[in-house]
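Thanks for asking me to look this over.

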Amino acid sequence: MKHNNLFLESLSRESRDSLVRLCAEVDLPLRKSLYEPGIVPQYAYFMTSGIASVVAMMENGGMAEVGLIGREGVVGSFHLLGPAKVSTSCFIQLEATALRIRFADLLNSFRTNEEVRERLLEFVQEQAVSLSQLAGCNRLHDNEERLARWLLTAQDRTNTDTLHFTQEFLAMMLGARRTTVTLIAGVLQRQGLIKYQRGRVKILDRAELEAASCDCYQITKELYASLYRHPVQMGEMNGDAAGEEAVVAGQSGSKKLVVSGKSLARRGAGAKKGSTNSKG
């Protein structure tokens, strides 16, 4: 089965194949709901194109985007971490494709496959750190900077200069009124950075758009770029031995001495006793 998901590509062939054979290829139309607040989803999704938005909804019906997932990610990953209810919802904001897997199957792999677990935790951490940055961004930076940042982030996920987003959607992403979106998009357009028409935004000058955005863009861009770049540190110990053994790297050649934690404690005590005797 073909795939174009960076999470899957980061796995070894064995781990990747174990997941892909449990997946089905699906098309995800605009506004398709992927999960709802407080409900464990039936399926998780390895995004292969398009954009899924994670949004927080208020009691008065207002909403704001708190996360964005493209082909680097796994929709439903937060639900793997524990029993706490996930209060956000997620739906498609740019027509997408994905590999769909039963959530129960992904959870089983998360629990039993160390490599899958480590890579999923890496993705969740990137999402959580990005969310922390965006929380400050939404509070401290003006709408023009935030719109520039959001458009750049969306382009990074889609690799296209033309983004099909409605005015309503852009307003929701910024937590602003539609009239505000019209005004700030007009400013960016007059500066020659974008071309804005109803339902479509074309980025004309990326370098200047980056200059117009807040520093949050570079921070989150670096987080995105570093995803899956570090090798997975697979555990070499298991069972009770993992809790008792420590690895001590010596300088004599390339040898490593492996001793138990209890042995280290006994040796430490012996050394202390010997030191006391020498003083006497």
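This is a predicted model: local features need pLDDT of at least 70, side-chain atom pairs count only at pLDDT 80 or more; totals for chains, interfaces and linings use all residues.

1. Which residues does F46 contact, once its neighbours within four places in sequence are left aside? The partners are N5, F7, L8, L19, C23, G73, V74, A98, L99, I101 and L106.

2. F46 also belongs to the largest nonpolar core, which has 36 residues. Within that core, F46 is among the residues that touch the most other members, together with F7, L19, L28, M47, V75 and L106. In soluble globular proteins, nonpolar side chains tend to be buried together.

3. Do look at the other core as well. It lies apart from the one above and holds 31 residues, including V55, L170, I203 and A212.

4. Is A148 buried or exposed? Its relative accessible area is 0%, and buried means under 20%, so A148 counts as buried. Not counting residues up to four places away in sequence, A148 touches L209, A212 and S213. For S213, the separation from A148 is 65 residues in sequence, yet their C-alpha atoms are 4.9 Å apart in space.

5. How many cavities of 30 Å³ or more does a search of the whole structure find? There are three. The largest cavity contains about 180 Å³ of space, and 18 residues line it, with L68, S130, L134, T153 and R157 nearest its centre. At least two lining residues come from each of β4 (63–69), α4, α5 (143–158) and α9 (216–225). By type, this lining has seven nonpolar, five polar and six charged residues.

6. The second largest cavity holds about 50 Å³ of space. Y35, V54, I69, V74, V75, G76, S77, F78, H79 and Q127 form its lining. Here the division is six nonpolar and four polar residues, with no charged ones.

7. Last, the open sites. The largest pocket has a volume of about 220 Å³. Of the 13 residues that line this pocket, E122, Q125, S226, L227 and H230 lie nearest its centre. Which helix gives the most to the lining of the largest pocket? That is helix α4 (residues 114–140), with six residues. The pocket lining as a whole divides into five nonpolar, four polar and four charged residues.

How values were computed
Residues are numbered from 1 along each chain as its sequence is written. Side-chain values use heavy atoms; hydrogens and water are left out. On a 1 Å grid over the protein atoms alone, a cavity is a set of points where a 1.4 Å probe fits but cannot get out, and a pocket is an open set with protein on both sides within 12 Å along at least five of seven lines; lining residues have an atom within 4 Å of a point. Grid points are joined across faces, edges and corners, and a volume is the space filled by probe spheres set on the points. Helices (H or I, at least four residues) and strands (E, at least two) are DSSP runs, numbered from the N terminus. Ala, Val, Leu, Ile, Met, Phe, Trp, Tyr, Cys and Pro count as nonpolar, Asp, Glu, Lys and Arg as charged, and the others, Gly among them, as polar. A nonpolar core is a set of buried Ala, Val, Leu, Ile, Met, Phe, Trp, Tyr and Cys residues joined through side-chain atoms within 4.5 Å. Buried means under 20% relative accessible area, exposed over 50%, partly exposed in between (1.4 Å probe, protein chains only). Contact means heavy atoms within 4.5 Å.
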